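Let's work through a few exercises together. Have a look at the structure first, then try each task before reading its solution.

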Amino acid sequence: MDARTDRDADGVETEALLAGCAAGDRAALARIYAAEAGRMLGVAERILKRRALAEEAVQDAFVQIWRRADSFDPRLGRGRSWIYAILRNRALNILRSEARTDLVAEPDELDRPSEGDDPETMVLKLSEASALRRCLERLDTRRRAAIVLAYTEGLSHGELAGRLGMPLGTVKSWIRRSLSTLKECLG
């Protein structure tokens, strides 16, 4: 996009692309993504200081852009400003979420074993013939533990990060990729 004219490489204004998104035009969203995603990632990375979290913020921002494009009002401002406001708000929410996690994550508390079985025991309890078990066994041990703990104990990403002793962004990435792998495996 040309920063001075707020148009993409083909000369289409961001506001027109947002109107396309509001009408369900996926190509309009793809054009916004092609024009802005790289710059948005840089902005998010400056706010969040970590690439994994910045990528998550950009992804979430595009989901919001797609879902809320019909609420954009060009009389109130430029389309690009609206897009970056969504990104900034999402990045700040992630920062706030991380701060809460830091306050809650007392190492002694998180190191306590759960009253239930460990994740590996839970997987072993699934039927030998279970498709879910076969697919879970394809995951790396730590990723499998994150998925099992998230879905059997209802742990949040922050709680999982504390329990597993891993950075929050890593845990979020594990969950996202593992769910994708399971979805493909289960067909």
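**Exercise 1.** Find which residues have the most contacts inside the largest nonpolar core.

*Solution.* Keep in mind that this is a predicted model. The largest nonpolar core counts 27 residues, and Met 40, Phe 62, Ile 65, Ile 83 and Leu 87 have the most contacts inside it. Next, see where the core comes from: α1 (14-22), α2 (26-48), α3 (51-68) and α4 (79-104) each give two or more residues. Of these, α2 gives the most, with 8 residues. Now zoom in on Leu 87: leaving out residues up to four places away in sequence, Leu 87 touches Met 40, Val 43, Ala 44, Ala 57, Val 58 and Ala 61. Apart from this core there's another one, of 15 residues, including Cys 135 and Leu 182.

**Exercise 2.** Work out whether Lys 49 is buried or exposed.

*Solution.* Start with the place: Lys 49 sits in the loop between α2 and α3. Its relative accessibility is 67%, so Lys 49 counts as exposed, the cut-off being over 50%. Then check the backbone. Most residues other than glycine have a negative phi. Lys 49 isn't a glycine, yet its phi is positive, about 70 degrees.

**Exercise 3.** Check whether the span of helix α10 agrees with its 19 residues.

*Solution.* Helix α10 covers residues 168-186, and at 1.5 Å a residue it should span 27 Å. Its end C-alpha atoms are 27 Å apart, so the two values agree. Among the buried residues of α10 are Leu 168, Trp 174, Ile 175 and Leu 182.

Note on methods. Residues are numbered from 1 along each chain as its sequence is written. This is a predicted model: local features need pLDDT of at least 70, side-chain atom pairs count only at pLDDT 80 or more; totals for chains, interfaces and linings use all residues. Side-chain values use heavy atoms; hydrogens and water are left out. A nonpolar core is a set of buried Ala, Val, Leu, Ile, Met, Phe, Trp, Tyr and Cys residues joined through side-chain atoms within 4.5 Å. Buried means under 20% relative accessible area, exposed over 50%, partly exposed in between (1.4 Å probe, protein chains only). Helices (H or I, at least four residues) and strands (E, at least two) are DSSP runs, numbered from the N terminus. Contact means heavy atoms within 4.5 Å. The expected span of a helix is 1.5 Å times one less than its number of residues.
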